[in-house]
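User: I would like to learn how to read strand pairing and helix packing from a model. Please take one feature at a time.

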Amino acid sequence: FAQPRDVLWLPNGRALLAAAMRCLALLGFSDRSGGGPPLLGADADELLLEVEASDLAVGMAPHYRLRARLGALLEREGRTSRGLVVASGWRGHPPEHRDTPISDALRVAAEAHSYALLPVTELYAAARAVLAGAELDTPALRARLLTTSALVTLADLLPAAEA
């Protein structure tokens, strides 16, 4: 069973995906993957999820995977969706020392292709706040992830101790 703190340290793979899904579930997202590629749901909305960890800043790999999935969805079903990339750059460093966990190229790609880009430090802080019983506006947290087309920050929605 994945623990939310695992999202900070794990390398790429199923365990990192499970940890990210656990954190996102704490924020009220449901897993709609059904055995396929990671898909999150919140009411009538959905997000195609990609996760990526790196010992350096996270580069373009999750962008290319997400773009391919979005293109396939459009071709197969004739519809579009939104995406979310959860990025764990400099994963071997303490979270407070991960100044640039995401490459500039990936940040620009998120803005240009209209998907949310979430550093694991932000995701973990939100999940930790939920587990601590903090009073959070989880619908606002979900809405931020569902509507942001760039780098996502959640600090303004979290208690001061968590941000």
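**Reading the sheet and its helices**

Analyst: Strand β4 is mostly covered, with six of its seven residues buried. Buried means under 20% relative accessible area, exposed over 50%, and partly exposed in between (1.4 Å probe, protein chains only). Helices (H or I, at least four residues) and strands (E, at least two) are DSSP runs, numbered from the N terminus. This is a predicted model, in which local features need pLDDT of at least 70, side-chain atom pairs count only at pLDDT 80 or more, and totals for chains, interfaces and linings use all residues. Residues are numbered from 1 along each chain as its sequence is written, and side-chain values use heavy atoms, leaving out hydrogens and water.

User: What is the order of the strands in the open sheet?

Analyst: Strands of a sheet pair through backbone hydrogen bonds, either parallel or antiparallel. Here five strands form an open sheet in the order β1-β2-β3-β4-β5, and the pairing is mixed. Two strands count as paired if DSSP finds at least two bridges between them. The edges are β1 (30–31) and β5 (116–119); each has a single partner strand, so one side of each is left without a neighbour in the sheet.

User: How many bridges join β3 to β4?

Analyst: Seven, and β3 and β4 run parallel. Within this pair, Leu 48 has Gly 83 of β4 as its bridge partner. By contrast, β2 (residues 39–42) and β3 (residues 45–53) are antiparallel, over four bridges. There, Gly 41 is bridged to Glu 46 in β3.

User: At what angle do α1 and α4 pack?

Analyst: Two packed helices are described by the angle between their axes and the distance between the axes. Helix α1 (residues 14–26) packs on helix α4 (residues 120–131) at about 50°, the axes being 9 Å apart. Axes are lines fitted to C-alpha atoms, for helices over the stretch in contact, and angles run from 0 to 180 degrees between N-to-C directions. That makes α1 oblique to α4; angles under 35 degrees count as roughly parallel, over 145 as roughly antiparallel, 65 to 115 as roughly perpendicular and the rest as oblique.

User: Which helix lies across β2, β3, β4 and β5?

Analyst: Helix α5 (residues 138–147) does, running at about 80° to β3. Ser 149 is in the segment after α5. At 26% relative accessibility, Ser 149 counts as partly exposed. Its contacts (heavy atoms within 4.5 Å), not counting residues up to four places away in sequence, are Arg 82, Ala 110, Glu 111, Ser 114 and Tyr 115.
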